[in-house]
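Me: I have a model open and want to go through a few parts of it. Can we start with the strands?

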Amino acid sequence: MNSVHGLWDRQVEQNVLVTAVQGALARRSGFIAIESQAGMGKTALLRYAGDEARREGLRVLTARGVDLEREFSFGVARQLFEPALAAVPPEQRKRLLSGAAGAAAALVGQEYGPDAPLHGEFAILHGLYWLTANLCQKEPLVLLIDDVHWADTASLRFLAHLQPRLEELAVLVVISLRPDEPEAPAELLGRITTDHTCALLHPRALSEQAASEIVHRALGPEAEEEFVGACCRASGGSPLLLHEEVRAISEEGIAPTAANARIVEEVGARALSSRVALHLGRLPAEHLAMAGAAALLGEDSELMQAAAVAGIETHEAFAAAAQLAKLGLLEIADAVPNPKVRFSHPLIRAAIYQNIDPVLRNDKHRHIASLLVEQKVDPERAAAHLLRTSPVGEQWVIAALHAASRTALARGSPESASAYLRRCMAEPLEARDRVDTIIRLGTLAIRFEPQATGEYLHMALAETNDPISRAEIVSRLALMLAWQEHNDEALALCSNAIEELAPTHTELHNLLTAALLDMAQDDPAAYNLVKKRMAALLAAPSEETVGGRILDGLLSLHEAFTGADRKAVARRAHRGLGCGDMAISGEFDPLGAPRIAAYACSSFALMATDLEDVLPILDHLLAQAQQFHSEGDTVAAYTYRSVMWLWRGDLTEALADAHHALRLEEETGDMVNVPLALSVAVTALMEQGKLTEAADLLQNIDILQPRRIGNWFRVHECYGRLLLRQHHPDQALEAMLFAGDSFAATGGRNPAFTAWRSGAAECLHALGRNSEALRYAEEEIALARAWGAPRPLGHALRIAGQVAGGAQGVALLTEAVEVLEHSTARLELAHALVDLGAAIRRSGHRAEARPPLSRGLDLAHQCAAADLVEVALSELGAAGARPRRLTLTGPQALTPSERRVADLAATGLSNRDIAQQLYVTVKTVEVHLAKAYRKLGITSRQRLAAALQETPTHKSRSGEPLSPATPG
């Protein structure tokens with residue numbers, strides 16, 4: 001069996017790679033992972049793929065993970081793209097980094113520092129995606145990444161971000177990795193390699209035939225079979241180790257006889273390390289220093305830099321590198337005037353690195369870091385070396401680590417920023433500096449490891465006795481504990497901090513009170529604590545400070561819950577929104593968590609007032625969250641936007657956003673938004689007639705044992721409505737009453753947030769207890785009138801009309817329609833119209849029933865409320881009409897997402913421009929536009945603007961125009 005391109009026994013893998021390269025040539029994407037233990041030929045296979053791709057004229061970008069640079073933010077991504085951008089003219093580089101790709105510029109050559117633009121991780125991931133898309137626009141692109149088990153976390157996130165978006169790109173990605181590598185980010189690697197887009201290759205051990213041929217070629221045909229067999233067994237089928245064995249056997253002059261077979265295993269065990277040691281032992285001092293310097297500097301180190309670390313002259317460095325390359329230890333990359341060197345295999349670098357005395361290694365890494373700091377190069381390069389040094393208390397080390405942390409954060413890699421700060425903690429810091437560093441660590445951890453945030457802030461709290469410092473820490477820690485459902489501890493910490501704090505520290509009092517208010521939404525104990533101070537808080541003038549704005553945000557939701565003056569609530573909510581962008585930006589923001597809480601609460605309160613369109617506010621929150629990759633913000637934005645879609649009646653959008661939120665919450669373990677997102681998803685599914693799916697979703701959450709209170713009132717209300725639809729009114733009533741008790745326990749009265757009273761009325765009506773049902777319905781009407789928003793009032797009137805029946809019922813339902821007529825609550829209006837039409841029909845006026853029933857059917861169809869559509873169709877049939885199934889056309893048929901894409905396309909933006917602006921892929925834009933064209937009845941972009949202004953029509957499924965209802 002002959003080797004092909006230096007590969008032995010790898011025909012299966014080569015065939016897969018050739019097919020993938022041909023696919024890329026035809027502009028089809030691909031993703032291949034080569035997974036095996038060290039020495040099985042992964043690197044050789046990557047080189048083979050690269051050679052095949054270059055032979056076909058494809059652009060090939062390469063990178064390699066290095067254990068020394070695991071914390072270097074986007075290090076592997078930079079290896080891929082920096083050389084490609086450096087090799088093109090400035091105008092082309094400008095084009096490649098145009099649009100959304102510009103967010104990645106900070107990683108690939110743009111000046112970094114305090115004046116550089118700050119981007120969060122999502123923006124940079126998005127930017128790298130568009131840079132990849134720009135690079136493959138004219139010619140297919142091949143990305144080859146070796147040893148991804150050593151890649152930095154940020155680069156792995158880029159791969160995970162790119163993977164599901166590859167379909168529309170002419171990009172082939174081939175990676176190699178070792179399984180079960182210690183300290184490798186197993187979760188991220190697992191997500192990448194188990195994705196359905198990934199073809200996984202497992203190079204097997206060499207066959208006996210291939211191994212035997214390798215030995216005979218190296219040692220001659222006279223090699224005896226017993227000796228050959230011993231070589232094969234000792235190598236374990238690893239091509240690298242087998243080659244090293246036979247090389248060592250040849251260099252040591254061991255005869256390949258059966259008698260010497262017994263010593264093969266010993267030679268094999270030390271084959272690689274012994275060859276390296278043997279060569280190093282024969283090298284002159286300057287060559288040995290050069291090898292050590294290259295091992296210390298890591299992958300692709302500059303030859304001149306290695307010379308400086310080795311302490312040798314330039315001409316000696318060139319001679320040393322050439323000799324090391326001749327021995328097969330190093331490879332020299334052509335780069336004028338300063339070439340780069342890399343080791344021919346990571347195991348060789350590891351052998352040389354381990355051969356350096358540990359004390360000398362430590363000193364050399366510190367020396368390299370000091371040189372890099374003096375040269376004012378990338379702070380993270382210096383920090384990568386400081387991570388491998390022991391602490392000695394030098395101030396420049398602390399400063400360098402903090403600089404690297406700021407740089408990593410500006411590049412959107414909070415994990416790397418945290419790694420540098422953790423190393424900083426090992427230095428003998430001043431007490432205040434140590435506490436500040438711990439707080440920074442806690443704030444950073446919110447983004448990628450929320451559970452660790454509490455641990456860090458607890459540590460900071462334990463290390464300070466100053467009441468002011470303790471209050472600052474508690475104001476953040478309490479929120480994190482509450483979000484993780486540790487309310488008792490959070491409440492105790494807040495109460496103690498307030499008692500310790502002097503009244504003059506108003507800003508800290510504001511922040512601590514805001515934390516208590518946040519808990520009071522969930523916890524009756526916290527509510528009872530703040531209830532005593534509520535009158536004073538509400539009467540006090542708002543303060544134009546960050547803490548004052550945050551407090552306003554929390555107070556606005558409390559006032560909305562209790563049903564205070566609606567316009568006053570809106571004014572306070574707007575002040576709460578004024579505390580700034582809620583997503584934690586690239587800068588260190590110690591008030592990130594309180595800001596998130598205030599912004600979310602203000603949005604929710606404002607949404608409940610029905611006084612203005614909150615969509616731009618929620619879109620802004622989501623854009624900020626995506627840009628800065630703050631998962632907590634992202635969950636909050638999706639959750640509250642799902643509520644808004646549900647209240648408007650856009651069930652498809654509501655369900656999509658709720659599912660996004662629930663999926664992210666499951667990944668992060670953050671439960672704070674689960675009740676709200678779950679209630680939206682269950683309600684939307686019930687409206688769509690999918691009761692089984694709704695029930696399955698609720699079964700995943702144990703809401704009854706133990707009974708969850710506080711924010712979970714929404715889930716209990718949904719559970720009650722599901723039980724009622726399943727014809728269990730007695731159990732449904734119990735759930736509704738429990739929801740009401742939970743809401744009241746934290747001061748809640750406003751039916752805008754939970755219509756448990758009308759829910760209870762429906763249950764009592766089903767049980768034949770009409771007088772009780774009317775009492776609950778009338779209570780809800782009174783509360784809804786006091787609040788004044790159309791949606792909750794229209795709902796309360798509708799349920800009261802159902803319960804009352806007869807002429808009174810028709811009157812109540814008529815008022816419900818009038819109240820809802822000009823509101824955004826389309827689905828509630830559809831329900832009111834259908835209920836009104838049904839009530840009129842039951843009163844014997846069939847012809848008068850048809851118009852409201854027809855309008856209700858139209859609206860239900862627009863909202864995708866399949867359950868209500870069936871009711872309306874049935875009622876229209878009973879009213880003597882012969883309605884056909886509807887297909888809505890025109891602008892009102894568009895979902896909000898389709899409308900946004902269509903509106904942008906109508907302004908002249910290209911699909912790529914729209915995709916970049918909306919943080920989606922071109923394929924997503926194409927799908928939305930295709931649906932929009934179909935609903936608008938057009939075939940070209942030129943007609944979009946006019947079609948978006950046209951009056952909607954309804955057609956039967958045959959395509960014929962349809963009147964709302966044909967009389968019987």
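Me: How many of the residues of strand β4 (residues 171-177) are buried?
Reply: 7 of the 7 are buried, so β4 is largely enclosed by the rest of the structure. Buried means under 20% relative accessible area with a 1.4 Å probe, protein chains only. Strands are DSSP runs of E of at least two residues, and helices are runs of H or I of at least four, numbered from the N terminus. This is a predicted model: local features need pLDDT of at least 70, side-chain atom pairs count only at pLDDT 80 or more, and totals for chains, interfaces and linings use all residues. Residues are numbered from 1 along each chain as its sequence is written, and side-chain values use heavy atoms, with hydrogens and water left out.

Me: Which β4 residues sit on which side?
Reply: V171, V173, I175 and L177 are on one side, with L172, V174 and S176 on the other. In a regular strand the side chains alternate between the two faces of the sheet.

Me: What does strand β1 do with β4?
Reply: β1 (residues 30-35) pairs with β4 in the parallel sense over 6 bridges, and I34 stands opposite S176. Two strands pair if DSSP finds at least two bridges between them.

Me: And how many bridges for strand β3?
Reply: β3 (residues 141-146) and β4 have 5, also in the parallel sense. There, L144 stands opposite V174.

Me: Changing topic. What is the strand order in the open sheet of 3 strands?
Reply: The order is β6-β8-β7, with antiparallel pairing. β6 (301-302) and β7 (330-333) are the edge strands, each pairing on one side only. β7 is joined to β8 (residues 340-343) by 4 bridges, and E331 has R342 in β8 as its bridge partner.

Me: Which helix lies across those strands?
Reply: Helix α13 (residues 285-297) lies across β6, β7 and β8, at about 85° to β8. Axes are lines fitted to C-alpha atoms, for helices over the stretch in contact (heavy atoms within 4.5 Å). Angles run from 0 to 180 degrees between N-to-C directions.

Me: Now helices α9 and α10. Where do they meet?
Reply: F227, C231, C232, A234 and S235 in α9 meet L241, L242, E245 and I249 in α10.

Me: At what angle do their axes cross?
Reply: Roughly 130°, with the axes of α9 (residues 225-235) and α10 (residues 239-251) coming within 8 Å. That makes α9 oblique to α10. Under 35 degrees counts as roughly parallel, over 145 as roughly antiparallel, 65 to 115 as roughly perpendicular and the rest as oblique.

Me: Last one. Which residues of helix α44 are buried?
Reply: In α44 (residues 896-906) they are P896, E898, V901, A902, L904 and A905. Just after α44, G908 takes a positive phi of about 105°.

Definitions and conventions
Buried < 20%, exposed > 50% of the residue type's maximum accessible area, 1.4 Å probe, protein only.
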